[in-house]
Amino acid sequence: MISDLSLPVVVSARGVDVLVRRAVPDDLHAVMQLLADDPVSAGRGDVAREEDVDAYASALGRIVDDPSNDLVVAEDRDGAVVGTLQLTVIPGMARRGSTRLLVEAVRVASTERSSGIGSALMRWVVDGAAVELRTPLVQLTSDAARIDAHRFYLRLGFVDSHVGFKYAVTLPDSPSP
(Lines give C-alpha, C1' and ligand atoms only; values in the text may rest on other atoms or scores of the structure.)
Protein backbone atom coordinates (compact mmCIF):
# COMPACT_ATOMS: atom_id res chain seq x y z
CA MET A 1 0.00 0.00 0.00
CA ILE A 2 1.42 3.35 1.00
CA SER A 3 4.74 1.75 1.94
CA ASP A 4 5.18 1.14 -1.80
CA LEU A 5 5.24 4.88 -2.44
CA SER A 6 8.51 5.88 -4.10
CA LEU A 7 10.25 8.11 -1.59
CA PRO A 8 12.36 10.15 -1.24
CA VAL A 9 11.55 12.44 -4.15
CA VAL A 10 12.75 15.91 -5.05
CA VAL A 11 10.14 18.55 -5.91
CA SER A 12 10.75 22.05 -7.14
CA ALA A 13 9.39 25.03 -5.20
CA ARG A 14 9.90 28.06 -7.45
CA GLY A 15 13.17 26.70 -8.78
CA VAL A 16 14.46 25.55 -5.39
CA ASP A 17 14.71 21.80 -4.81
CA VAL A 18 12.95 20.38 -1.77
CA LEU A 19 13.40 16.79 -0.65
CA VAL A 20 10.18 14.94 0.28
CA ARG A 21 10.79 11.86 2.39
CA ARG A 22 9.17 9.68 5.01
CA ALA A 23 9.32 11.06 8.53
CA VAL A 24 11.59 9.24 10.96
CA PRO A 25 11.73 9.49 14.76
CA ASP A 26 14.50 12.12 14.53
CA ASP A 27 11.96 14.42 12.81
CA LEU A 28 9.63 14.40 15.79
CA HIS A 29 10.63 17.76 17.28
CA ALA A 30 10.60 19.45 13.86
CA VAL A 31 7.08 18.18 13.17
CA MET A 32 5.96 19.27 16.63
CA GLN A 33 7.36 22.74 15.89
CA LEU A 34 5.50 22.90 12.56
CA LEU A 35 2.25 22.12 14.36
CA ALA A 36 2.97 24.70 17.06
CA ASP A 37 3.92 27.27 14.40
CA ASP A 38 0.33 27.23 13.19
CA PRO A 39 -2.14 29.40 15.16
CA VAL A 40 -5.10 27.03 14.67
CA SER A 41 -3.09 24.00 15.82
CA ALA A 42 -1.57 25.92 18.70
CA GLY A 43 -5.08 26.91 19.77
CA ARG A 44 -5.92 23.20 20.03
CA GLY A 45 -2.94 22.49 22.26
CA ASP A 46 -0.20 21.72 19.74
CA VAL A 47 2.38 23.94 21.41
CA ALA A 48 5.44 21.63 21.28
CA ARG A 49 5.76 21.15 25.03
CA GLU A 50 8.47 18.74 26.09
CA GLU A 51 5.97 16.86 28.28
CA ASP A 52 3.99 16.02 25.11
CA VAL A 53 6.90 14.31 23.32
CA ASP A 54 5.79 10.80 24.34
CA ALA A 55 2.28 11.38 22.96
CA TYR A 56 3.63 12.66 19.64
CA ALA A 57 6.21 9.86 19.46
CA SER A 58 3.47 7.31 20.02
CA ALA A 59 1.36 8.89 17.28
CA LEU A 60 4.27 8.91 14.84
CA GLY A 61 4.90 5.24 15.60
CA ARG A 62 1.25 4.34 14.96
CA ILE A 63 1.26 6.27 11.68
CA VAL A 64 4.44 4.73 10.27
CA ASP A 65 3.48 1.23 11.46
CA ASP A 66 0.11 1.39 9.69
CA PRO A 67 0.44 0.30 6.05
CA SER A 68 -2.39 2.67 5.06
CA ASN A 69 -0.67 5.75 6.54
CA ASP A 70 2.48 7.74 6.13
CA LEU A 71 3.87 11.00 7.41
CA VAL A 72 6.17 12.84 5.05
CA VAL A 73 8.43 15.81 5.63
CA ALA A 74 9.90 18.35 3.25
CA GLU A 75 13.54 19.33 3.72
CA ASP A 76 15.17 22.46 2.36
CA ARG A 77 18.64 22.35 0.81
CA ASP A 78 20.20 22.77 4.26
CA GLY A 79 18.39 19.69 5.60
CA ALA A 80 15.92 21.64 7.75
CA VAL A 81 12.38 20.24 7.93
CA VAL A 82 10.18 23.01 6.50
CA GLY A 83 6.96 21.12 5.80
CA THR A 84 4.96 18.03 6.59
CA LEU A 85 1.74 16.23 5.75
CA GLN A 86 0.06 12.93 6.53
CA LEU A 87 -1.30 10.61 3.84
CA THR A 88 -3.90 7.90 4.40
CA VAL A 89 -5.20 5.48 1.79
CA ILE A 90 -8.89 4.75 2.38
CA PRO A 91 -10.64 1.99 0.44
CA GLY A 92 -14.25 2.88 -0.24
CA MET A 93 -17.56 1.59 -1.49
CA ALA A 94 -18.86 4.88 -2.89
CA ARG A 95 -17.92 6.05 -6.38
CA ARG A 96 -17.95 2.47 -7.61
CA GLY A 97 -15.43 1.28 -5.02
CA SER A 98 -12.94 4.12 -5.45
CA THR A 99 -9.97 4.35 -3.15
CA ARG A 100 -9.25 7.79 -1.70
CA LEU A 101 -6.04 9.46 -0.66
CA LEU A 102 -6.69 11.57 2.42
CA VAL A 103 -4.31 14.45 3.10
CA GLU A 104 -4.12 15.69 6.68
CA ALA A 105 -2.06 18.09 8.78
CA VAL A 106 -0.45 19.99 5.92
CA ARG A 107 2.01 22.41 7.49
CA VAL A 108 4.73 24.66 6.12
CA ALA A 109 7.00 26.65 8.41
CA SER A 110 5.75 30.23 8.77
CA THR A 111 9.12 31.47 7.52
CA GLU A 112 8.59 29.51 4.29
CA ARG A 113 4.93 30.25 3.57
CA SER A 114 4.37 31.73 0.10
CA SER A 115 7.68 30.18 -1.00
CA GLY A 116 5.99 27.55 -3.16
CA ILE A 117 6.78 24.64 -0.84
CA GLY A 118 3.11 23.99 -0.02
CA SER A 119 2.17 24.06 -3.70
CA ALA A 120 5.05 21.74 -4.60
CA LEU A 121 4.04 19.29 -1.85
CA MET A 122 0.39 19.27 -2.95
CA ARG A 123 1.33 18.92 -6.64
CA TRP A 124 3.41 15.90 -5.67
CA VAL A 125 0.44 14.46 -3.75
CA VAL A 126 -1.92 14.88 -6.73
CA ASP A 127 0.42 14.22 -9.66
CA GLY A 128 2.77 11.75 -7.99
CA ALA A 129 1.52 9.97 -4.89
CA ALA A 130 -2.13 9.63 -5.95
CA VAL A 131 -1.18 8.33 -9.38
CA GLU A 132 1.41 5.91 -7.99
CA LEU A 133 -1.01 4.66 -5.32
CA ARG A 134 -3.83 4.42 -7.89
CA THR A 135 -6.18 6.59 -5.82
CA PRO A 136 -8.49 8.47 -8.20
CA LEU A 137 -9.72 10.86 -5.49
CA VAL A 138 -7.60 13.09 -3.25
CA GLN A 139 -9.51 14.63 -0.38
CA LEU A 140 -8.75 16.80 2.60
CA THR A 141 -10.49 18.80 5.26
CA SER A 142 -9.50 22.25 6.40
CA ASP A 143 -10.59 24.05 9.55
CA ALA A 144 -13.25 26.67 8.82
CA ALA A 145 -10.93 29.33 10.26
CA ARG A 146 -8.26 28.69 7.61
CA ILE A 147 -9.52 31.12 4.96
CA ASP A 148 -6.07 31.52 3.38
CA ALA A 149 -5.67 27.74 3.19
CA HIS A 150 -9.08 27.45 1.49
CA ARG A 151 -7.96 29.91 -1.20
CA PHE A 152 -4.73 27.94 -1.56
CA TYR A 153 -6.53 24.62 -2.11
CA LEU A 154 -9.02 26.18 -4.54
CA ARG A 155 -6.13 27.70 -6.49
CA LEU A 156 -4.61 24.21 -6.77
CA GLY A 157 -7.82 22.85 -8.28
CA PHE A 158 -9.47 21.32 -5.23
CA VAL A 159 -13.23 21.78 -5.05
CA ASP A 160 -15.03 22.72 -1.84
CA SER A 161 -17.71 20.11 -2.46
CA HIS A 162 -18.58 18.90 1.04
CA VAL A 163 -19.28 20.13 4.53
CA GLY A 164 -17.33 18.32 7.23
CA PHE A 165 -18.39 17.55 10.78
CA LYS A 166 -16.43 16.52 13.85
CA TYR A 167 -17.53 15.28 17.21
CA ALA A 168 -15.10 15.36 20.13
CA VAL A 169 -15.34 12.26 22.30
CA THR A 170 -13.97 12.41 25.83
CA LEU A 171 -12.32 9.13 26.66
CA PRO A 172 -11.74 7.97 30.24
CA ASP A 173 -8.21 8.76 31.47
CA SER A 174 -7.15 10.80 28.46
CA PRO A 175 -7.07 14.47 27.57
CA SER A 176 -9.88 15.76 25.39
CA PRO A 177 -9.09 15.90 21.63
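**Entry 1: two helices**

How near do the axes of helix α5 and helix α6 come, and at what angle do they cross? I looked this up before anything else. The axes of α5 (residues 117–132) and α6 (residues 147–155) come within 11 Å and cross at roughly 50 degrees. For axes I used lines fitted to C-alpha atoms, for helices over the stretch in contact, with angles running from 0 to 180 degrees between N-to-C directions. Helices here are DSSP runs of H or I with at least four residues, strands are E runs of at least two, and both are numbered from the N terminus.

The angle makes α5 and α6 oblique to each other. My cut-offs: under 35 degrees is roughly parallel, over 145 roughly antiparallel, 65 to 115 roughly perpendicular, and the rest oblique. I noted the crossing of α5 and α6 as right-handed; that is the word if the near helix is turned clockwise from the far one by less than a right angle, and left-handed is the word if anticlockwise.

On the α5 side, Gly118, Ser119 and Met122 make the contact, and on the α6 side Phe152, Tyr153 and Arg155 do. Contact means heavy atoms within 4.5 Å. By class I find 3 nonpolar, 2 polar and 1 charged residues in the contact of α5 with α6. For the classes, Ala, Val, Leu, Ile, Met, Phe, Trp, Tyr, Cys and Pro count as nonpolar, Asp, Glu, Lys and Arg as charged, and the others, Gly among them, as polar.

**Entry 2: ground rules**

A reminder to myself: this is a predicted model, in which local features need pLDDT of at least 70 and side-chain atom pairs count only at pLDDT 80 or more, while totals for chains, interfaces and linings use all residues. Residues are numbered from 1 along each chain as its sequence is written, and side-chain values use heavy atoms, with hydrogens and water left out.

**Entry 3: helix α1 and its cover**

Next I turned to α1, residues 28–36, where Leu28, Val31, Met32, Leu34 and Leu35 are buried. Seen down the axis of α1, these buried residues fall within an arc of 160 degrees, so they line one face of the helix. The arc is taken from the directions from the helix axis to the C-beta atoms. Buried means under 20% relative accessible area, exposed over 50%, and partly exposed in between, with a 1.4 Å probe and protein chains only. As background, an α-helix has 3.6 residues a turn, so residues three or four places apart point the same way.

What covers that face? The cover of the buried residues of α1 includes α2 (39–43), α3 (53–65), β3 (69–75), β4 (81–90) and β5 (100–108).

I followed up on α3. The axes of α1 and α3 come within 10 Å and cross at roughly 105 degrees, which makes the two helices roughly perpendicular. Leu28, His29, Met32 and Leu35 of α1 meet Val53, Tyr56, Ala57 and Leu60 of α3. I count this contact as 7 nonpolar, 1 polar and no charged residues.

Val53 of α3 is buried at 13% relative accessibility. Leaving aside neighbours within four places in sequence, Val53 is in contact with Leu28, His29 and Met32.

Which residues does Asp38 touch beyond four places in sequence? They are Arg107, Arg113 and Arg146. Asp38 sits in the loop between α1 and α2 and counts as buried at 8% relative accessibility. Arg107 is 69 residues from Asp38 in sequence, yet their C-alpha atoms are 7.6 Å apart.

Val125, back in α5, is buried too, at 0% relative accessibility. With neighbours up to four places away set aside, Val125 is in contact with Leu85, Leu87, Leu101, Val103, Ala130 and Val138.

Most residues other than glycine have a negative phi, and most peptide bonds are trans. I looked up some exceptions.

A cis peptide bond joins Leu7 and Pro8, with omega about 5 degrees. Pro8 lies in the segment before β1 (9–13).

Arg14 has a positive phi, near 55 degrees. I found Arg14 in the loop between β1 and β2 (16–22), exposed at 63% relative accessibility.

Arg95 also has a positive phi, near 55 degrees. Arg95 lies in helix α4 (residues 94–97) and is exposed, with a relative accessible area of 52%.
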